[in-house]
Amino acid sequence: MIGARITAIGTYVPEKRLTNFDLEQMVETTNDWIIQRTGIRERRISRPDEFTSDLCVAAVKDLMHRYNKKVEDVDMIIVATSTPDFPFPSVASIIQERLNIEQTGAIDLSAACAGFVYALHTANAYITSRLHKKILVIGADTISKITDYTDRSTCVLFGDGAGAVMVERDEQSKGFIGFHLGSEGSGAQYVYQTGLSNRVNEIELIDTNCLVQNGREVFRWAVRNVPTSVRQILNKTQLSLDKVDWFVPHSANLRIIEPICEKLEYPMEKTLFSLVDFGNTSAATIPLALDLGIREGKVKNGDKVLMYGFGAGLVQAGQLLEINFDDQINAPTAL
Ligand SMILES: CC(C)(COP(=O)(O)OP(=O)(O)OC[C@H]1O[C@@H](n2cnc3c(N)ncnc32)[C@H](O)[C@@H]1OP(=O)(O)O)[C@@H](O)C(=O)NCCC(=O)NCCS
């Protein structure tokens with residue numbers, strides 16, 4: 001049997017904090033409104049000279065330090081991001097050089113806030129098809145760089161961060177249990193940033209360099225779709241939800257997560273999220289939330305974890321895993 005398992009994790013967030021009280025000075029909003037509608041208290045913002053590749057390198061260094069991992073023999077790097085330093089070269093190529101990995105494949109993957117789970121799925125496929133042995137999967141974004149800080153309905157939501165995991169071949173166990181992927185391009189106009197084109201599905205988009213969204217539509221779509229798709233994964237794997245130790249949905253907004261859990265009849269106490277201190281960090285929310293669970297001693301080897309990403313596309317990706325990390329040798333760097 002050839003299985004794949006996540007052997008190590010590392011995370012990083014920029015130093016600069018942007019609190020709800022800071023936002024009160026920037027747009028017409030209040031700490032109470034933001035907490036009540038989103039659950040977010042603060043987020044981290046990258047410096048003007050700090051980019052997604054810098055966050056990725058710092059997250060990988062945290063992983064290497066904690067698990068005594070070498071990266072020279074990594075044979076594929078997959079970076080899920082919507083905010084690469086450049087359209088090209090890829091972030092993956094930039095960090096290949098900075099991490100001194102001589103011989104590896106390197107690609108960026110675009111699936112917005114579902115990117116990390118899509119990248120995990122890809123890594124599992126590369127490994128179980130015997131094409132690769134050791135893959136760095138990173139979810140990282142600097143959404144602050146494409147945020148309009150005059151738009152109060154979006155700027156309160158987003159922050160910057162990165163999470164890296166190592167996925168390795170494992171002859172003994174099958175860490176990846178089941179998945180679900182989906183895309184509904186008909187909802188593309190609900191979250192976007194214009195690029196070479198400003199038209200989608202015959203609809204003229206607002207031509208701006210910033211992230212634009214119809215928050216209410218995204219909210220409705222996520223609450224309607226995620227529970228149904230989670231049930232599909234459980235049906236396919238013939239596992240009941242009470243066997244899932246931790247649910248890690250994309251940390252877009254606590255007010256989205258709550259009704260999803262309510263519909264699934266899944267306890268909030270077993271749900272991990274990273275939005276309270278970091279906001280919506282797009283491709284980084286899920287590895288950040290998982291790592292918070294590990295740092296707090298909640299997530300343990302043998303636990304079944306259901307990750308569920310969703311976002312611009314509109315895309316969604318779920319992955320059910322059995323956690324079996326290597327031993328952590330050193331304490332993580334403080335976030
Ligand atoms: C953005 C979001 C928090 C807005 O919450 P909401 O309850 O849907 O609020 P609405 O957009 O209906 O706006 C309600 C009112 O609050 C106002 N408002 C919006 N942002 C505000 C803010 N930061 N502070 C105070 N008031 C605000 C609106 O202007 C509106 O006022 P009006 O009724 O006078 O027109 C919510 O829709 C959301 O989180 N959506 C999901 C977005 C998301 O996760 N996107 C990323 C997907 S990966």
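This is a predicted model: local features need pLDDT of at least 70, side-chain atom pairs count only at pLDDT 80 or more; totals for chains, interfaces and linings use all residues.
**Entry 1**

I began with Asn253, where an N or O atom of the side chain sits 2.7 Å from an oxygen atom of the ligand. I count a polar contact as a pair of N or O atoms within 3.5 Å; within protein, one must be able to donate a hydrogen and the other to accept it, and residues adjacent in sequence count only if both atoms are side-chain atoms. Next I looked at Arg216, which places a polar side-chain atom 2.8 Å from an oxygen atom of the ligand. Gly215 uses its backbone instead: an N or O atom there lies 2.9 Å from a nitrogen atom of the ligand.

I then checked the cover: on its own the ligand has 960 Å² of accessible area, and the protein covers 73% of this. These areas come from the Shrake-Rupley method with a 1.4 Å probe.

Numbering runs from 1 along each chain as its sequence is written, and side-chain values use heavy atoms, with hydrogens and water left out.

**Entry 2: the shell**

I found 21 residues around the ligand, with Thr29, Arg37, Gln213, Arg216 and Asn253 coming nearest. Here a residue is near if one of its heavy atoms lies within 4 Å of the molecule. I sorted the shell into eight nonpolar, nine polar and four charged residues; Gly goes with the polar ones in this scheme.

Which element gives the largest share of the shell? It is α7, with four residues. Helices (H or I, at least four residues) and strands (E, at least two) are DSSP runs, numbered from the N terminus.

**Entry 3: the domains**

The chain is assigned domain 1 (3-170) and domain 2 (176-322), with bounds from an automatic or database domain assignment. I noted 15 Å between their centres, taken over C-alpha atoms. Their contact (heavy atoms within 4.5 Å) takes 47 residues from domain 1 and 42 residues from domain 2.

**Entry 4: Ser274**

Is Ser274 buried or exposed? I have it as buried, because its relative accessibility is 1%; buried means under 20%, exposed over 50%, partly exposed in between (1.4 Å probe, protein chains only). Ser274 belongs to the loop between α8 (254-264) and α9 (275-278). Its side chain reaches the backbone oxygen of Thr285 at 2.9 Å. Leaving out residues up to four places away in sequence, I listed the residues that Ser274 touches, among them Ser251, Gly279 and Leu292.
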